[in-house]
Amino acid sequence: MPRFKKVYIEITNRCNLKCDFCPSATLGRQGRVMTESDFIHILNEVKPYTKYLYFHLLGEPFLNPRLGRFLQLSHEAGMQVNLTTNGTLIDKVEDVLMNAPALRQINFSIHSFEANQNNETLEDYLLKIANFIERIQAVKPVYCNLRLWNMSTEELEAKNSLNQQILRLIEQAFDLDVCLSETLQQTHNVKIKDRVFLNMAEKFEWPTLDREIISEKMFCYGLRDHIGIQADGTVVPCCLDSEGKIPLGNIYNTPLQQILDSERAQNIYEGFSRRCAVEELCKRCGYAKRY
């Protein structure tokens with residue numbers, strides 16, 4: 001049985017938006033778009049470890065012009081692919097996605113709209129996504145998640161003043177006979193139609209070494225059910241290490257098995273087995289509190 005439920009691959013760390021909740025807006029890493037040869041190398045390395053790839057860490061995957069080729073290579077390798085996107089470029093890549101047998105799921109971060117200045121209206125933005133979902137579901141069984149990850153917490157104030165309008169537009173776009181705002185008071189996960197879901201969650205802060213320690217007692221699924229591979233080949237233990245502060249090795253010049261067997265990787269894994277964060281970045285991760 002494969003070791004990981006999923007492997008995150010950052011096919012680009014560039015994005016067409018600058019969301020105020022995303023570290024890519026102030027990212028210090030050099031912008032990079034993954035090449036085909038680099039992707040093939042990664043694919044060969046991760047194939048023994050997982051059946052599911054996630055084209056996500058940071059960046060907008062639709063900005064990589066080789067997206068269609070990567071999806072085809074993933075299919076040939078027997079992999080299924082999940083994508084996370086802000087959805088603004090969905091009309092530019094519709095044909096690619098329609099003809100990609102490897103595509104399993106698309107996550108639309110619709111909370112990104114309010115976090116940016118936009119050239120289109122909210123209605124146009126959501127209708128573009130909803131119409132795409134209708135068209136792709138007519139030809140293939142792809143899961144689609146609409147994400148509103150902008151609920152405020154005691155610690156974090158989120159931008160969510162458009163949520164009620166967003167929910168009404170979703171009701172209209174999918175011809176729903178339910179009130180989403182009322183339903184979401186009972187559950188944060190709503191099935192809109194077959195294979196289409198609306199998911200709400202609290203805003204979280206990406207971990208950074210600049211913040212105070214939250215706790216040394218915590219658990220994380222990093223290195224347990226997933227790893228991340230950044231666009232430059234850096235392997236990180238968790239999808240939230242946006243700046244590569246816990247580099248375990250570079251997959252372009254070190255075999256993945258050797259990276260996973262490294263002392264640093266083993267210490268992280270064994271630490272979380274004891275519910276203990278051994279890395280300074282992990283001690284500052286608010287997302288881990290969800291576990």
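Keep in mind that the model is predicted. I will start with the sheet. It is open and has 10 strands, and the order is E6-E7-E5-E4-E3-E2-E1-E8-E9-E10. The pairing is mixed. At the edges are strand E6, residues 189-193, and strand E10, residues 249-250, each of which pairs on one side only.

Now to one pair within that order. Strand E2, residues 52-55, and strand E3, residues 80-85, are paired in the parallel sense, over four bridges. Helix H2, residues 67-76, lies across E2 and E3, and runs at about 170 degrees to E2.

How do H4 and H5 pack? H4 covers residues 122-137 and H5 covers residues 163-173; the angle is about 40 degrees and the axes are 10 Å apart. H4 is therefore oblique to H5. The crossing of the two helices is right-handed.

Which residues make that contact? From H4 they are Leu122, Glu123, Leu126, Leu127 and Ala130. From H5 they are Gln165, Ile166, Leu169 and Ala173. By class, the residues of this contact are seven nonpolar, one polar and one charged.

That is all I have on this one.

Notes:
Residues numbered from 1 in each chain as written. Predicted model: local features only at pLDDT ≥ 70, side-chain atom pairs only at ≥ 80, totals over all residues. Heavy atoms only, no water. Axes fitted to C-alpha atoms, helices over the stretch in contact; angles between N-to-C directions. Parallel < 35°, antiparallel > 145°, perpendicular 65-115°, else oblique. Left-handed = near helix turned anticlockwise from the far one by under 90°. Contact = heavy atoms within 4.5 Å. Nonpolar A, V, L, I, M, F, W, Y, C, P; charged D, E, K, R; others polar. Pairing = 2+ DSSP bridges.
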